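User: Please take a close look at the pockets of this model. Go through what lines them.

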Amino acid sequence: MKQAKGPMGKIVEVKNVSMRFNLARERVDNLKEYIVRKLKFQSVSFDEFWALKNISFSINQGESFALIGTNGSGKSTMLKIISGILEPTTGAVSANGSIAPLIELGAGFDYQLTGRENIFLNGAVLGHSKKTMQEKYDEIVDFSELAEFIDVPVKNYSSGMIARLGFSIATMVKPDILIVDEILAVGDRAFQEKCNKRMEEIINGGTTIVMVSHSAADIKRICRKAAWIEKGELRFAGDVTEALEMYTSV
């Protein structure tokens, strides 16, 4: 896969972003138990966990950018903030353009609906009009190779089938920014090759890529720049080779 073309100005800017989660010290399994505890004046205490701490970096238009770090370092949280799925506790992120998030493929599906119905539902979630989805419908089904199952409820799909449909929908219109979280290995080998080819077409078309991957080979092949995040803190942002060398030397 070729690297993205040269930068053309900032398209994503992360300014002093911090993200706090509350972790319950005493587990409450359901809403009923929570309400009972409140009625009995029993407190449910929380521990604060800062997944990200005062992080700043920017990504240029047409650039391919990786987030690297160990598991639990905050990479996926940052992707979700850039995608607009999460709001940071402090700081701000500006993203100038349309975003296609390849994060938890199929997370926006209604499992009671058919594949056909979910194509239009997921398209609407991504901000596409019904007309656009009608025009792209055959292309989505053909790419996913799910024509035989398209009128079957998604609850009967395998996880691989769901990922195929999710990938096909998310990439059927070239976005300005493509967010990728460890989903390059979708389906069998033949389908993975199709996905890689489509990713290459998207990158060569000028789309900005922001990705998380634990594969140094994938990162080197695809990305020019990287940010190393460790325990929620930014350790380095810049050239991808330098970032990987610093990360792997620890």
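Analyst: Strand 5, helix 3 (115-125) and helix 5 (159-170) each give at least two residues to the lining of the largest pocket. Helices (H or I, at least four residues) and strands (E, at least two) are DSSP runs numbered from the N terminus. The model is predicted: local features need pLDDT of at least 70, side-chain atom pairs count only at pLDDT 80 or more, and totals for chains, interfaces and linings use all residues. Residues are numbered from 1 along each chain as its sequence is written, and side-chain values use heavy atoms, without hydrogens or water.

The largest pocket holds about 290 Å³ of space. A pocket is an open set of points on a 1 Å grid where a 1.4 Å probe fits, with protein on both sides within 12 Å along at least five of seven lines; lining residues have an atom within 4 Å of a point. Its lining has 16 residues. Closest to the centre are Pro 101, Ile 103, Gly 108, Asn 122 and Leu 126. By class, 10 lining residues are nonpolar, four polar and two charged. Gly counts as polar here; Asp, Glu, Lys and Arg count as charged.

Now the second largest pocket. About 150 Å³ of space lies there. Its lining has 15 residues, and Gly 72, Ser 73, Gly 74, Lys 75 and Ser 76 lie nearest the centre. Strand 2 (46-60) and helix 2 each give two or more residues to this lining. Helix 2 supplies the largest share, four residues. The classes here are three nonpolar, eight polar and four charged residues.

Key. Grid points are joined across faces, edges and corners, and a volume is the space filled by probe spheres set on the points.
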